[in-house]
Amino acid sequence: MTYQFDANSQVALVVEDSPTQATHLQALLENLGIQVICAVNGRMGLRMAHQLHPNVIILDVQMPELNGFEVCKMLKSSPDTVDIPVILFT
């Protein structure tokens, strides 16, 4: 999948396994003029973070396989994503 973003826009990666929560967060952020990408699990979120370098990553804490804390730890241990701000929520 290819994503195209306006060079001047802010991009948020939302990593959330609940479609309802992801849709709610996406609507809130888009109302603020932020472009949103959604990942349905931690592994997909990690892959997308490395590929797309969003301005911020919003992680659900409670997810199967890799939870938000594990994903955050991996993001912060990689030179490629260490500087991306992360917001954890539950």
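**Figure 1. Asp 60 in strand S3 of the predicted model.** Asp 60 is found in strand S3 of this predicted model. The residue is buried, with a relative accessible area of 7%. A polar atom of the Asp 60 side chain lies 3.2 Å from the backbone nitrogen of Gln 62. Not counting residues up to four places away in sequence, Asp 60 touches Val 15, Glu 16 and Asp 17, together with Asn 67, Gly 68, Phe 89 and Thr 90. By contrast, Gly 33, which is 27 residues from Asp 60 in sequence, is 22 Å away in space, C-alpha to C-alpha.

**Figure 2. Pairing of strands S3 and S4.** Strand S3 (residues 56-60) and strand S4 (residues 86-89) run parallel and are joined by four bridges. Within this pair, Asp 60 stands opposite Phe 89 in S4. From S3 the chain passes through helix H3 (residues 68-76) to reach S4, forming a right-handed β-α-β crossover. The loop between S3 and H3 contains Glu 65. Phi of Glu 65 is positive, near 65°, although the residue is not glycine. Glu 65 is exposed, with a relative accessible area of 61%.

Figure 3. The open sheet has four strands in the order S2-S1-S3-S4, and their pairing is parallel. S2 and S4 stand at the edges with a single partner strand each, so one side of each has no neighbour in the sheet. From one strand to the next, the twist averages 20°. Five bridges connect S1 and S2 in the parallel sense, and four bridges connect S1 and S3, also in the parallel sense. Leu 13 stands opposite Ile 37 in S2 and opposite Ile 57 in S3. Helix H2 packs on the sheet through contacts with S1, S2 and S3, and the direction of H2 makes about 140° with that of S2. A right-handed β-α-β unit is made by S1, helix H1 (residues 19-31) and S2.

Figure 4. Which residues of helix H2 are buried? In H2 (residues 42-52), they are Gly 42, Gly 45, Leu 46, Met 48 and Ala 49. An α-helix has 3.6 residues a turn, so residues three or four places apart point the same way. The buried residues of H2 pack against strand S1 (11-15), strand S2 (35-39), S3 and H3. At the N-terminal end, H2 is capped by Asn 41, with a side-chain oxygen 3.2 Å from the backbone nitrogen of Arg 43. After H2 comes His 53, whose phi is positive, near 45°. His 53 is placed in the loop between H2 and S3. This residue is partly exposed, at 39% relative accessibility. As with Glu 65, where phi is near 65°, the positive phi of His 53 occurs in a residue other than glycine.

**Figure 5. Thr 81 in the loop between H3 and S4.** Thr 81 has its place in the loop that lies between H3 and S4. The side chain of Thr 81 reaches the backbone oxygen of Leu 75 at a distance of 2.7 Å. Leaving aside neighbours within four places in sequence, the contacts of Thr 81 are Ala 49, His 50, Met 74, Leu 75 and Lys 76. Among these, Ala 49 is one of the buried residues of H2.

**Figure 6. Cys 38 and Cys 72, without a disulfide.** How many disulfides does a search of the whole structure find? The search returns zero. Cys 38 is in no disulfide, and the nearest cysteine sulfur, that of Cys 72, is 18 Å away. Cys 38 counts as partly exposed, at 28% relative accessibility, whereas Cys 72 counts as buried, at 16%.

How values were computed: Residues numbered from 1 in each chain as written. Predicted model: local features only at pLDDT ≥ 70, side-chain atom pairs only at ≥ 80, totals over all residues. Heavy atoms only, no water. Pairing = 2+ DSSP bridges. Helix = DSSP H or I, 4+ residues; strand = E, 2+ residues; numbered from the N terminus. Right-handed = clockwise from strand over helix to strand, strands pointing away. Buried < 20%, exposed > 50% of the residue type's maximum accessible area, 1.4 Å probe, protein only. Contact = heavy atoms within 4.5 Å. Polar contact = N/O pair within 3.5 Å; in protein donor to acceptor, adjacent residues only side chain to side chain. Disulfide = S-S within 2.5 Å. Axes fitted to C-alpha atoms, helices over the stretch in contact; angles between N-to-C directions.
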